[in-house]
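Please open the model in your viewer with the sequence panel beside it, and keep a selection tool ready. The tour below moves from one selection to the next and says what is found at each stop.

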Amino acid sequence: MTDVSLIGLGPMGLALARALQSKFTLTVWNRTAERAEPLLNPGTVLAPTALAAVQASPVVLVCVADYTASRAILAAPGVMDALRGKVLVQLSTGTPQDARDDWAALSGVAYLDGALLATPGQIGRPDTPLFISGEARALAACRPLLDAIAGNIQHMGEPIGNAAAWDLATLSCMFGAMSGFFHGVRICEAEGLPVDGFSQMIGAISPVLGEMLQDEGEAIHAGRYGEPESSMATCAGSGRLFVKQAREAQLDASFPDFLMGQFERALRAGLGNERLAAMVKVLRQPA
Ligand SMILES: NC(=O)c1ccc[n+]([C@@H]2O[C@H](COP(=O)([O-])OP(=O)(O)OC[C@H]3O[C@@H](n4cnc5c(N)ncnc54)[C@H](OP(=O)(O)O)[C@@H]3O)[C@@H](O)[C@H]2O)c1
């Protein structure tokens, strides 16, 4: 027996394995067994099958490409039975419904659904965030193991879909900002400005940008859309400038067109004199 088993040795799984093996005995299994070779030592063993990996430890972590891959692994003969009485921590990225479906299918298994908000290189640090949902008792049982991979554990409550929901909401914010950032890069390139200077400046002002997002979120929570410091109509003016500049500099206009499309919907809905937070009213319309 080992302290913990880990299924999945992609870039993230390998980082998890390295963080775990410095403190615990570890069993690993991966569809492509060769990926385990750099990890093997007297405290880390390679299981010949997923079933053997599950049987080897009281806590099993799964970190594979998606829930489809995870379900195929857990559906192998004997695996479900072997999981009963153990803690399964799902660290593959999925939707809240994926987590609910797995939780329903895994009766008799203490199931935690987790989301790592980190790259493999950030695993094992005291500030590495891990959102987790599921029973507090199951979390307590494997807390020292999870602390070794991510020191900043946020328990998002017992409803099993919560961690995936927080994860996707956060990723939406990140990738949304990234789309705007990449368009900003093209504006800099078109004007011969240094891209590293631009990214450093964004890093430096990111607390102010974070404050703006927080303020919009509080306004939505309170239903407070009036008395804007910067109205929807004013912000839409910036949107028009993105479109104009993209045309002038012959840039790909996919981001400006998307953004202007959102503003036009808000203006058509009569939200021009409301604050930017009112955009959520547009998005609440049935698709
Ligand atoms: N990398 C990141 O920055 C990051 C950050 C946060 C969360 N995550 C999440 O962590 C999970 C793993 O990501 P990753 O970066 O390690 O790389 P990945 O390419 O998403 O996943 C690779 C792993 O999935 C396995 N796999 C894929 N399809 C499979 C199947 N049908 N049956 C069995 N195993 C299968 C691979 O096995 P083989 O080696 O045999 O191909 C490998 O172990 C993903 O859900 C990802 O979203 C990743």
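In which strand does threonine 27 lie? Select threonine 27 and you will find it in strand β2, where helices (H or I, at least four residues) and strands (E, at least two) are DSSP runs, numbered from the N terminus. Before going further, please note that this is a predicted model, in which local features need pLDDT of at least 70 and side-chain atom pairs count only at pLDDT 80 or more, while totals for chains, interfaces and linings use all residues. Residues are numbered from 1 along each chain as its sequence is written, and side-chain values use heavy atoms, with hydrogens and water left out.

Threonine 27 has a relative accessible area of 3% and is therefore buried; buried means under 20% relative accessible area, exposed over 50%, and partly exposed in between (1.4 Å probe, protein chains only). Now display what surrounds threonine 27: leaving aside neighbours within four places in sequence, it is in contact with Thr2, Val4, Ser5, Leu6, Val45, Ala47, Ala53, Ala56 and Ser57, contact being heavy atoms within 4.5 Å.

**The whole chain**

Zoom out to the whole chain, which has 11 helices and 8 strands, and whose C-alpha trace spans about 65 × 40 × 30 Å along its principal axes. Of its 287 residues, 40% count as buried. Among contacts between residues at least 6 apart in sequence, 60% join residues at least 24 apart.

**The cores**

Next select Leu16, Leu61, Val89, Leu91, Ile123, Leu146 and Ile149, which touch the most other members among the 36 residues of the largest nonpolar core. A nonpolar core is a set of buried Ala, Val, Leu, Ile, Met, Phe, Trp, Tyr and Cys residues joined through side-chain atoms within 4.5 Å.

**Where α1 meets α6**

Show α1 and α6 together: Leu16, Ala19 and Leu20 in α1 meet Leu145, Ala148 and Ile149 in α6. The two helices, α1 and α6, pack at an angle of about 115°, with their axes 8 Å apart; axes are lines fitted to C-alpha atoms, for helices over the stretch in contact, and angles run from 0 to 180 degrees between N-to-C directions.

**Helix α5**

Move to helix α5 (residues 96-105) and select Pro96, Asp98, Ala99 and Asp102, which are buried. Looking down the axis of α5, you will see these buried residues fall within an arc of 160°, so they line one face of the helix; the arc is that of the directions from the helix axis to the C-beta atoms. The buried residues of α5 pack against α3 (67-74), β5, β6 and α7.

**Two loop residues**

Select glutamate 227, in the loop between α8 (195-222) and α9. Its phi is near 45°, a positive value in a residue other than glycine, and at 80% relative accessibility glutamate 227 counts as exposed. Then select glutamine 250, found in the loop between α9 and α10, where phi is near 55°, again a positive value in a residue other than glycine. Glutamine 250 is exposed, with a relative accessible area of 73%.

**Helix α10**

How far apart are the end C-alpha atoms of helix α10 (residues 254-268)? They are 21 Å apart, which agrees with the 21 Å that its 15 residues should span at 1.5 Å a residue, the expected span being 1.5 Å times one less than the number of residues. Select Pro256, Met260, Gln262, Phe263 and Ala266, the buried residues of α10; seen down the axis of α10, they fall within an arc of 155°, so they line one face of the helix. These buried residues of α10 pack against α7 (162-190), α9 (232-249) and α11 (279-283), whereas on the other side of α10 Ser254, Phe258 and Arg268 are exposed. End the tour just after α10, at glycine 270, which takes a positive phi of about 80°.
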